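Please read the following note with the sequence and the structure open beside it. The points go from the confidence of the model to one strand and its neighbours, and then to the domains.

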Amino acid sequence: MKLFSAAQLHEADKITTKKHGITLVELMERGGTQIFNWLHHRMQGAQVPIHIFSGIGNNGGDGLVVGRLLIEHGYNVKVYVANFTDKRSKCFLINYDRIKTVTKDWPILMTSAHDFPEIKDEDIIIDALFGIGLNRPPEGWVKELIQYLNSKKSFKLSIDIPSGMYANKALTDAEAVLKASHTLTFQAPKLSFFLPETGRFVPYFEVLEIGLDPEYLHTTEPIAQVIAKPEAQQFYKQREKYAHKGSFGHTLVVAGSYGKMGAAVLTTKAAYRTGAGLVTAFVPESGYNILQTAVPEAMTLTDAEDDLITSIAIDFEPSSIAVGMGIGTKPETVKALGKLFKEAKEPLVIDADALNCIAANDELLNHIPELSVLTPHPGELERLIGAWTDDYDKLEKTKSFAKQHNVIVVIKGANTIVVIEERLYINTTGNPGMATGGSGDVLSGMIAGLISQGYDPLIASVFGVYLHGSAGNLATQEIGFEALIAQDIVEHIGPAFLTLFAPEPTEQDAKNA
Ligand SMILES: NC(=O)C1=CN([C@@H]2O[C@H](COP(=O)(O)OP(=O)(O)OC[C@H]3O[C@@H](n4cnc5c(N)ncnc54)[C@H](OP(=O)(O)O)[C@@H]3O)[C@@H](O)[C@H]2O)[C@@H](O)CC1
Ligand SMILES: [K+]
């Protein structure tokens, strides 16, 4: 799914009204009606008090439409207008007049903190104060209003975006954002829903299509893409009947040091479980028995040194290489890495200590094969690109780094983001149970396993990240967040592939369960 900026969505509004002979007020009616339907479906006429807080822009206009439809259907509604400026939008004004046709209870104008109404925890709050037109942080009594609403335990439904948050810009005042219980967003989710500093204000969201011009949406370069099941399904390559193990390549895993041989085991197993035809682990000598015992399917080559990697010698042409998991950062290892980079003909998957070696030895960067995949967690990323001021700065710095070195960067996190040139691919699978030792080693093995089968490095990264999160989700369904360990992710790679094409449970299935 494509993500658009606030400016692009405003443009889509304009184009839609011009091309489809529909007015902005009609478009607003569509959006408001969908929100009403969402509520009506769940509330079925229940008389729980609903408090709607509207601003004076088009987001406020949406709130007024919802208010009118709820009143028409006999709900117990109070509408408040936060009159923070006199520049009311045209569509707001039209709906301000319309609501007066269905009630004698005119919207209550609020101009200061004295006007804040009493709200009980059981009541429902609808937040239509600011939408994607926010252009500065809310201040004064408007900020106090947001904080007042946040102090209530009520269910809070935000329209389009929690008020006080931008669609695609960093927050300037985290104290002035509505803490929404749920957000119903128009046409496409907003980038800030997926980033750590702002995503916490959007624990749950749903997208409501309002019929913006399909051609504009189709032909416009998005600011990011969200990868969910429909996208992931398209990445999958069907296996051919006459394929043999040679068809799926030979992955080399360069990993491990004394006390960290488990990293090599996890990466090797993950590469196999993801479908690599053959996997060879290259480990320090002391890892030989461990690897042969833990992963009998794998071949094992060893370094001359007992405890660390000092010189990587292999006797075959790998179709993919994953390097760095648990290798440490000793000078001998850095030297061996430099040689591997120079000699490699194909993109590598570079993780963990290999990234730390690169961060401490800049010249290694010049030898990384094009389109190699770097998979840093936030600490490793900071060592590579330097400190950032906020999530957006982090993305910009990562894009420049990726462009400068012609590599793919996988920023690991709650929503892992794959970065190539100017493009961002945001993953939607995974859960907090996966923040556990070795989880990243599994991911590297998976990406390398996909490259080995002929997936191009970008698809292998995006698809690998999706499957890794999906495997983690399936594992958590069985054992919960706390007990999940990296091996469980490996054990669920198979089910993650199977789930890719399993039908989604319907509402009726849920009722029958
Ligand atoms: N394509 C779609 O998806 C569709 C979108 N629609 C809806 O439109 C919404 C966008 O509406 P919008 O552009 O009118 O902006 P919105 O967010 O209501 O507020 C802007 C107003 O607030 C003001 N203002 C800003 N910051 C402020 C501050 N800190 N403190 C005080 N004032 C501040 C600003 O005033 P000014 O800067 O001029 O002083 C302006 O008056 C969108 O989110 C969606 O809900 C649907 O109806 C139709 C299809
Ligand atoms: K809002």
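**Note on the predicted model**

1. The protein chain has a mean pLDDT of 96, and 99% of its residues reach 70 or more, where pLDDT is the predictor's confidence in each residue, from 0 to 100. For the complex, the predictor gives an ipTM of 0.97 and a pTM of 0.95. This is a predicted model, in which local features need pLDDT of at least 70 and side-chain atom pairs count only at pLDDT 80 or more, while totals for chains, interfaces and linings use all residues. Residues are numbered from 1 along each chain as its sequence is written, and chains are lettered from A and ligands numbered from 1 in the order in which they are written.

2. Strand S7 (residues 182-186) is largely enclosed by the rest of the structure, because four of its five residues are buried (20 or more other C-beta atoms within 10 Å of the residue's own, with C-beta atoms placed from the backbone). Strands here are DSSP runs (E, at least two residues), numbered from the N terminus.

3. S7 pairs in the parallel sense with strand S8 (residues 205-208) over four bridges, and Leu184 stands opposite Glu206 in S8; pairing requires at least two bridges found by DSSP between two strands. Strand S6 (residues 155-159) also runs parallel to S7, joined to it by three bridges, and Ser158 stands opposite Thr183 in S7.

4. The chain is divided into domain 1 (2-222) and domain 2 (232-250 + 322-500), with bounds that come from an automatic or database domain assignment. Their centres, taken over C-alpha atoms, are separated by 38 Å.

Conventions: A residue is buried if 20 or more other C-beta atoms lie within 10 Å of its own, exposed if 12 or fewer, and partly exposed in between; C-beta atoms are placed from the backbone.
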